[in-house]
Amino acid sequence: EVRLVESGGGLVQPGGSLRLSCAASGFTVIANDMSWVRQAPGKGLEWVSVIYSGGSTDYAGSGKGRFTISRDYPKNVVYLQMNFLTAEDTAVYFCARALPRDRSAWYLWGQGTLVSVSS
Amino acid sequence: QSVLTQPPSASGTPGQRVTISCSGGASNIGSNTVNWYQQVPGTAPKLLIYSDVQRPSGVPDRFSGSKSGTSASLAISGLQSEDEADYYCSSWDDSLMGGVFGTGTKVTV
């Protein structure tokens, strides 16, 4: 079955760190453009980061310098390392796979993992 | 904040046609394709339209997309109760070098 399963969310204090995982099955993450998209409570969708099939990465301004996206080929997992977290990072974080040749057409999504930043 | 602008809400009665607009700029919609997503609260988004006008397998042909210049639209014809959801447009932004979403439109049937 082709699916994505996120994990690693939870409650963290401001200034803390968290690493999210996105486990893929049924396909290989290194052959696809994989993104993280987040949604703050009651708010809209916000693109966070992408790791391209070639290995390069891009980040939204909100995460530049604080977030790092990476992947593990044998484990077939995509990660999002988040540092210096603030309350504005509180959101459900989704992992998504893009269509070939269309990096913003995310057609496979995980169920999301909730990150809460609070003291 | 969101780079693409959508109306906050739209509504219609069953069987009617509803259209949602998505306004952007030269660096996003003007030079990249537009995609549309449907999201029922509490669930992950679902891709409805990609590459401006294409429907993924399984999406009813009641949903259609169009684009002109720096704006795009999603039309839902033959509105059904199960179409009640939030709808988002997305594109790539060459200046920001990242994905961008619309502000979202809540459709009420």
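Me: Is Y37(B) buried or exposed?

Reply: In this predicted model, Y37(B) has a relative accessible area of 0%. Buried means under 20%, so Y37(B) is buried.

Me: How is an aromatic pair described, and which ring pairs with Y37(B)?

Reply: A pair of aromatic rings is described by the distance of the centres and the angle of the planes. W109(A) and Y37(B) have their centres 5.8 Å apart and their planes at 80 degrees, an edge-to-face pair. Because W109(A) belongs to strand 10 (residues 102-109) of chain A and Y37(B) to strand 3 (residues 35-39) of chain B, this pair joins two chains. W109(A) has a relative accessible area of 10% and is therefore buried.

Me: Which aromatic cluster holds W109(A) and Y37(B)?

Reply: One cluster is formed by F94(A), W106(A), W109(A), Y37(B) and F101(B).

Me: How many aromatic pairs are there over all chains?

Reply: The count is 8. One of them is formed by W47(A) and W92(B): with 5.5 Å between the ring centres and 70 degrees between the planes, the pair is edge-to-face, because angles over 60 degrees count as such. This pair also crosses between chains, from strand 5 (residues 45-51) of chain A, which holds W47(A), to strand 7 (residues 85-93) of chain B, which holds W92(B). Both W47(A) and W92(B) are buried.

Me: Which charged groups lie over rings in chain A?

Reply: R19(A) lies over the face of Y79(A), 4.0 Å from the ring centre. Likewise, R97(A) places its charged end over the ring of F27(A), at 4.1 Å from the centre.

Me: How is the size of an interface expressed, and what is the area buried between chain B and chain A?

Reply: The size of an interface is often given as the accessible area lost when the parts come together. Here the buried area is about 1,600 Å², with 60% given by carbon and sulfur atoms. On the side of chain B, P45(B), W92(B) and F101(B) lose the most area to chain A, together 38% of what that side buries. The contact involves 20 residues from chain A and 20 residues from chain B.

Me: Which polar features cross between chain B and chain A?

Reply: There are 8 residue pairs in polar contact across this interface, and the salt bridge count is 1. The side chains of R103(A) and D94(B) form a salt bridge at 3.8 Å, N to O. R103(A) is partly exposed, at 31% relative accessibility, and D94(B) is partly exposed as well, at 40%.

Me: How many salt bridges are there over all chains, and which residues form a network?

Reply: The structure holds 6 salt bridges over all chains. Shared partners join R38(A), E46(A), R66(A) and D89(A) into one network. Within it, R38(A) and D89(A) meet at 2.9 Å, N to O.

Key:
Residues are numbered from 1 along each chain as its sequence is written. Chains are lettered from A and ligands numbered from 1 in the order in which they are written. Side-chain values use heavy atoms; hydrogens and water are left out. Rings of Phe, Tyr and Trp (its six-membered ring) pair if their centres lie within 6.5 Å; planes under 30 degrees apart count as stacked, over 60 as edge-to-face and the rest as tilted. Helices (H or I, at least four residues) and strands (E, at least two) are DSSP runs, numbered from the N terminus. Buried means under 20% relative accessible area, exposed over 50%, partly exposed in between (1.4 Å probe, protein chains only). A charge sits over a ring if NZ of Lys or CZ of Arg is within 6 Å of the ring centre and within 35 degrees of the ring normal. Contact means heavy atoms within 4.5 Å. Buried area is the accessible area (1.4 Å probe) that two parts lose on being put together, summed over both. A salt bridge is a side-chain nitrogen of Lys or Arg within 4 Å of a carboxyl oxygen of Asp or Glu. A polar contact is a pair of N or O atoms within 3.5 Å; within protein, one must be able to donate a hydrogen and the other to accept it, and residues adjacent in sequence count only if both atoms are side-chain atoms.
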